[in-house]
Amino acid sequence: MTAKLIQGYEVVIGFETHAQLATQSKIFSRASTAFGAEPNTQACAVDMALPGTLPVMNKKAVECAIRLGLALGSHIAPRSIFARKNYFYPDLPKGYQISQFEIPVVQGGEVSFFLGDEKKTIRLVRAHLEEDAGKSLHEDFIGQSGIDLNRAGTPLLEIVTEPDIRSTEEAVAYAKTLHQIVTWIGICDGNMQEGSFRCDANVSVRKPGQPLGTRREIKNLNSFKNMQLAIDYEIRWQIEEIEDGRRIQQATVLFDPDTGETRSMRTKEDAADYRYFPDPDLPPLVVAPEWVEQVRADMPELPRAMAARFVEQYALPEYDATTLTQSQAMAAYFEDTARACNAPKLASNWIMGEISRRLNTEEIGMEAAKVSSAQLAALIQRIGDGTISNNAAKQVFEALWSGEGSDVDAIIEAKGLKQMNDTGAMEKIIDEVIAANPANVEQYRAGKDKAFNALVGQVMKASKGKANPAQVNELLKAKLA
């Protein structure tokens with residue numbers, strides 16, 4: 001496919017994503033990784049790099065890396081090494097960061113997703129283990145800065161793509177898909193506001209067929225909305241700079257959501273600037289094939305595989321299957337509902353419709369849904385067997401969600417929502433409507449379908465909405481034949 005051009009320029013984007021691993025202790029120490037503690041209460045001697053301390057590898061962090069590699073079809077290196085990445089900043093107590101450079105634990109792989117009907121695949125370079133730095137706190141109102149080392153030593157996986165992304169839409173879709181994967185396989189909680197999932201976007205532009213342009217790295221994008229705004233602004237800014245005859249300088253930039261602009265923070269370093277060398281305190285990390293297979297056996301069914309199964313097993317459209325596998329909770333809710341009511345498409349419609357609407361309105365997750373899968377299945381069954389109409393079903397759903405009742409049949413009975421299925425009573429109403437609307441009858445017989453719909457509406461009104469619409473259509477057509 002030809003790349004989308006903006007003002008005659010092709011956009012080239014690569015991503016570096018830091019996923020904080022779901023471990024209870026840090027990557028090289030036993031200090032806690034819990035969020036929200038008082039500053040400097042979760043930093044031990046190892047994290048603070050006190051003389052004589054030595055790092056010890058966290059096995060759970062390595063297992064998380066293996067899980068990601070298996071999920072993304074990557075090569076799990078049987079032997080990888082740690083390096084010291086040297087730079088100086090107040091919140092980096094060692095004066096260097098322990099990371100992986102030449103031989104990372106996860107190599108290659110890909111992330112695939114759909115934009116509309118088109119499948120996109122983004123190649124990965126690597127995913128390597130490393131420790132996080134601390135945090136600088138700038139108190140402008142007193143003109144001072146402080147250092148919080150609680151995050152120092154927190155285990156991270158840095159996931160790096162090839163420069164395969166060609167639009168803001170692709171960038172956001174990639175980030176959302178990666179976010180879905182790391183939370184799905186349980187290696188990261190994905191909380192962007194707390195910094196558990198942080199994205200850096202390397203953005204450049206070029207004329208088609210030209211070498212890659214000079215990139216600028218947008219750091220610490222903490223929401224998908226800000227990600228889109230930041231990349232869009234950066235693309236426009238770079239094109240305007242080039243069109244005005246100025247050269248792009250490689251730099252690290254931050255996005256200011258208040259102004260909607262990116263601003264340069266520092267010139268961008270290259271790998272040589274960090275003076276990497278092997279960490280003398282850590283031996284090579286050896287991952288035995290037996291360990292990889294053990295982790296593989298414990299892996300959940302992945303989102304894309306589950307979506308494909310939903311299409312095959314439940315005859316769902318691709319769109320439905322993809323939407324329902326956005327989270328494990330939603331996928332499980334759908335399967336429980338579909339199996340209980342034996343109407344997968346109706347279950348899908350209700351979950352993507354009323355259930356999702358309520359969740360979004362109340363800003364709660366699927367786990368907090370106020371209608372259980374069993375209740376929804378019972379409701380769908382009553383629609384299917386003709387007990388209630390779709391409109392009545394919405395009233396029952398409202399009662400379930402609000403806690404007005406918990407049993408579908410009891411709510412139907414209490415509210416008098418049963419459909420009229422008595423053919424004799426329905427024929428009487430239809431006869432009265434036909435007699436009272438001769439003009440509509442004449443128009444229908446002259447070939448005007450709208451007149452028939454008007455008659456159906458009159459029958460439904462006369463029955464106070466309790467007539468079965470399918471039966472009304474059948475009986476009315478028979479009488480007007």
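Predicted model: local features only at pLDDT ≥ 70, side-chain atom pairs only at ≥ 80, totals over all residues.
Let me start with Asn40, which counts as partly exposed because its relative accessibility is 39%, where buried means under 20% relative accessible area, exposed means over 50%, and partly exposed lies in between, with a 1.4 Å probe and protein chains only. Residues are numbered from 1 along each chain as its sequence is written, and side-chain values use heavy atoms, with hydrogens and water left out.

Asn40 has a phi near 65°, which is a positive value in a residue other than glycine, and Asn40 lies in the loop between strand 2 (9-20) and helix 1 (59-71); helices (H or I, at least four residues) and strands (E, at least two) are DSSP runs, numbered from the N terminus. Ala49 lies in the loop between strand 2 and helix 1 as well, with a positive phi near 60° and a relative accessible area of 30%, so that Ala49 is partly exposed. As background, most residues other than glycine have a negative phi.

Now to the strands. Strand 8 (residues 110-115) and strand 9 (residues 118-131) run antiparallel and are joined by 6 bridges, and two strands are said to pair if DSSP finds at least two bridges between them. Glu110 has Arg123 of strand 9 as its bridge partner, and the two strands form a hairpin with 2 residues between them, where Gly116 in the turn has a positive phi of about 65°. Elsewhere there is an open sheet of 3 strands in the order 6-5-17, with antiparallel pairing. Strand 6 (96-99) and strand 17 (277-278) each have a single partner strand, so they stand at the edges and one side of each is left without a neighbour in the sheet.

What does the interior look like? The largest nonpolar core has 105 residues, and those with the most contacts inside it are Phe15, Leu129, Tyr174 and Ile231; such a core is a set of buried Ala, Val, Leu, Ile, Met, Phe, Trp, Tyr and Cys residues joined through side-chain atoms within 4.5 Å. Helix 2 (residues 168-184) gives the most to this core, with 9 residues, and the core draws at least three residues from each of domain 1 (8-290) and domain 2 (300-413), the bounds coming from an automatic or database domain assignment. A second, separate core of 16 residues includes Ile429, Val441, Ala467 and Val472.

Phe15 is in contact, meaning heavy atoms within 4.5 Å, with residues including Tyr174, Cys199 and Ile231, once neighbours within four places in sequence are left aside. Cys199 is itself buried, because its relative accessibility is 0%. The closest cysteine sulfur to that of Cys199 is in Cys188, 9.9 Å away, which is too far for a bond. With a disulfide taken as a pair of cysteine sulfur atoms within 2.5 Å, the count comes to 0 disulfides.

Finally, helix 9 (residues 373-384) has 12 residues and reaches 16 Å from its first C-alpha to its last, close to the 16 Å expected at 1.5 Å a residue, the expected span being 1.5 Å times one less than the number of residues. Its buried residues, among them Leu376, Leu379 and Ile383, pack against helix 7 (328-341), helix 8 (344-362), helix 10 (390-402) and helix 11 (408-415). Gly386, with a positive phi near 85°, follows helix 9.
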